[in-house]
Amino acid sequence: MASPAASSSALAVVLLVMATTLAAGVANAATFTITNQCPYTVWPAATPVGGGTQLNQGETWTIDVPAGTSSGRVWGRTGCSFDSSGRGSCATGDCAGALSCTLSGQPPLTLAEFTLAGSGGAGEQDYYNLSAVDGFNVGMSFSCSSGETLTCREKSCPDAYQYPSDDTKLRHCNGNSNYHVVFCP
């Protein structure tokens, strides 16, 4: 049988390894802070991480997205109604009737799109943009902590992609940045 001192030392080592592993995981994630400044409720959705939730005016939702996530999207849904099991529908941005989206929303929807660097190391870059290619349903601004803020208050906004072959609106920021999405900026 191990002595209490040996058991205590082994436990300390296990806890140190666990803490280091958790800290490394958090360091390689980007935090997305999503705020509703609209005078109405918005149901933001995010894929492939996040799902969806309800945000009343002035509320904020925060999600952590792992480094290396590609083809990520955040959008606002409007005119939604869900039952206690999370099934329902939205007038805009609906994702197969689910509160927690695993699929992209149906047009019309204003999109914040992103691809995060692999490990967030020195010199790596994240890429982000706004898109009105699938229509426009709610004003939005999208920014990263080391880049510029993109804002779209109407379908014809100059900061958003307007058609599928539009390749001039992509922005970049340092890997391991954090992001802010604001509805009705």
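The torsion about the S-S bond of C38 and C184 is about 90°, so this disulfide (a pair of cysteine sulfur atoms within 2.5 Å) is right-handed. It links distant parts of the chain, with C38 in the loop between β1 (29-36) and β2 (43-47) and C184 in the segment after β14 (179-183), 146 residues apart. The model is a predicted one, in which local features need pLDDT of at least 70 and side-chain atom pairs count only at pLDDT 80 or more, while totals for chains, interfaces and linings use all residues. Residues are numbered from 1 along each chain as its sequence is written, and side-chain values use heavy atoms, with hydrogens and water left out.

**Overall composition**

- The chain has one helix and 14 strands; helices (H or I, at least four residues) and strands (E, at least two) are DSSP runs, numbered from the N terminus.
- Of the 185 residues in the chain, 41% are buried; buried means under 20% relative accessible area, exposed means over 50%, and partly exposed lies in between, with a 1.4 Å probe and protein chains only.
- Among contacts (heavy atoms within 4.5 Å) with a separation of 6 or more, 61% are between residues 24 or more positions apart.
- The chain exposes about 9100 Å², of which carbon and sulfur atoms supply 56%; accessible areas come from the Shrake-Rupley method with a 1.4 Å probe, and for residues only the protein chains shown count as cover.

**Disulfides**

- A search of the whole structure finds five disulfides.
- With the bonded cysteines numbered in sequence order, the pairing is 1-10, 2-3, 4-5, 6-9, 7-8.
- In the link of C38 to C184, the S to S distance is 2.0 Å.
- C38 is buried, at a relative accessible area of 0%, whereas C184 is partly exposed, at 22%.
- The sulfur atoms of C80 and C90 are 2.0 Å apart in a second disulfide, which is right-handed with 110° about the S-S bond.
- This pair also links distant parts of the chain: C80 is in the loop between β5 (72-77) and β6 (81-82), and C90 is in the loop between β7 (88-89) and β8 (111-115), ten residues apart.
- Both C80 and C90 are buried.
- C144 and C173 form another disulfide, with their sulfur atoms 2.4 Å apart.
- Here C144 belongs to strand β10 (residues 140-144) and C173 to strand β13 (residues 171-174), 29 residues apart.
- C144 and C173 are both buried.

- Strand β9 (residues 125-131) has five of its seven residues buried, so it is largely enclosed by the rest of the structure.
- Strands pair if DSSP finds at least two bridges between them.
- β8 and β9 run antiparallel and are joined by five bridges, with T115 opposite Y127 in β9.
- β9 and β13 also pair in the antiparallel sense, over four bridges, and Y128 has R171 as its bridge partner in β13.

**Nonpolar cores**

- A nonpolar core is a set of buried Ala, Val, Leu, Ile, Met, Phe, Trp, Tyr and Cys residues joined through side-chain atoms within 4.5 Å.
- The largest core has 29 residues, and F32, F142 and Y179 have the most contacts inside it.
- Elements giving two or more residues to this core are β1, β4 (60-66), β8, β9, β10, β11 (150-152) and β14.
- Apart from neighbours within four places in sequence, the contacts of Y179 include A30, F32, L116, Y128, F142, C144 and C173.
- A second, separate core of seven residues includes W75, C95, C101 and L109.
- In soluble globular proteins, nonpolar side chains tend to be buried together.

**Aromatic pairs**

- The structure holds six aromatic pairs.
- Rings of Phe, Tyr and Trp (its six-membered ring) pair if their centres lie within 6.5 Å; planes under 30 degrees apart count as stacked, over 60 as edge-to-face and the rest as tilted.
- Y128 and F142 form an edge-to-face pair, 5.5 Å centre to centre and with 85° between the planes.
- Y128 lies in strand β9 and F142 in strand β10, so the pair ties together parts that are 14 residues apart in sequence.
- Y128 is buried at 0% relative accessibility, and F142 is buried with a relative accessible area of 0%.
- One aromatic cluster is formed by F32, F114, Y128, F142 and Y179.
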